[in-house]
Amino acid sequence: MTPLRRPATRSGARTALGLLLTAVMLLPVYWMLNVSLTPQQDMRKSPPDLLPLSPTFEGYRAVLDDQLPYLGTSLLIGTGTVILTLLVAAPAGFAIARLRPRRGGGFLGLALLVAQMIPGIVMAMGFYGIFLDLGMLNTWWGLIIADSSLAVPFGAMIFTAFMSGIPGEIISAARIDGATTWRTFVSVVLPMSRNALVTVSLFSFLWAWSDFVFANTLDSGGDMRPITLGIYHYIGNNNQEWNAIMATAVVASLPAAFLLVLAQRYVAAGVTAGAVKD
């Protein structure tokens with residue numbers, strides 16, 4: 001009997017530990033939801049209410065009244081970032097993985113890796129000088145270019161790892177049938193790279209959706225500003241509308257959570273692509 005009890009006990013301990021860690025990680029999310037329903041006059045209660053005993057939806061009304069344009073701008077910037085990232089990263093990954101440039105291939109892979117190590121604030125300062133000279137400050141399409149600079153190196157590395165695992169016989173068969181390099185890429189390689197496409201699209205959208213550094217540096221005075229700046233405008237020296245801030249954060253988190261749940265199995269396959277070679 002003892003040998004049968006040990007695995008069950010160990011499994012129960014692991015389940016309990018997993019539930020505890022999950023609760024710890026979800027506590028900020030729950031507290032954000034709790035504060036979003038708490039009346040403004042109850043914000044400074046000590047100790048704070050663990051449950052919204054007298055919930056209010058004033059924060060969510062403020063979202064509908066004030067934040068919808070910011071949400072639309074973030075959606076536009078996120079979608080544009082995804083499109084630009086895929087247009088640049090997918091052909092780059094295919095070229096590195098399958099065309100195997102004789103010169104500079106290794107250096108290009110190293111450059112993609114180093115590009116991800118550059119702090120965002122350093123890149124923001126560089127973009128500020130460039131955009132100032134080109135008259136691109138306070139524009140939504142300038143933010144698309146800036147956000148894509150973070151997503152393209154990551155996307156190119158994901159595509160390179162995934163496309164390297166495509167059997168060479170499939171590429172050779174397409175060429176024997178008369179397909180050009182571009183036709184092979186569009187008609188054969190891209191359809192087989194669905195997991196990588198979903199992974200890169202999701203991460204590039206989330207980076208653009210949650211960006212604050214580029215938005216605050218390059219578009220702080222524009223008419224079309226993303227939701228991160230919309231939340232920031234609720235915070236002032238003498239006015240901090242915490243229920244409106246948290247309500248906006250809840251609403252802004254919904255698209256990201258929905259996309260993560262919808263695409264999680266594709267992301268798992270795309271991120272681990274190239275980890276194991278046959």
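1. A residue is called buried when its relative accessible area is under 20%, exposed when over 50%, and partly exposed in between (1.4 Å probe, protein chains only). By this rule W207, with a relative accessible area of 32%, is partly exposed, and F203 is also partly exposed, at 26%.

2. This is a predicted model, in which local features need pLDDT of at least 70 and side-chain atom pairs count only at pLDDT 80 or more, while totals for chains, interfaces and linings use all residues. Residues are numbered from 1 along each chain as its sequence is written, and side-chain values use heavy atoms, with hydrogens and water left out.

3. The structure holds 10 aromatic pairs, where rings of Phe, Tyr and Trp (its six-membered ring) pair if their centres lie within 6.5 Å, with planes under 30 degrees apart counted as stacked, over 60 as edge-to-face and the rest as tilted. In one of them, the ring centres of F203 and W207 are 6.1 Å apart and the planes stand at 55 degrees, so this pair is tilted. Both residues belong to helix 8 (residues 194–210), four residues apart, which is about one turn of the helix; helices are DSSP runs (H or I, at least four residues), numbered from the N terminus.

4. F212 and Y232 form an edge-to-face pair, at 5.3 Å centre to centre and with 65 degrees between the planes. This pair links distant parts of the chain, 20 residues apart, since F212 lies in the loop between helix 8 and helix 9 (213–218) and Y232 lies in helix 10 (residues 227–232). F212 is partly exposed at 32% relative accessible area, and Y232 is partly exposed at 43%.

5. Elsewhere, ring pairs link F94, W182 and F185 into a cluster.

Note on methods. Helices (H or I, at least four residues) and strands (E, at least two) are DSSP runs, numbered from the N terminus.
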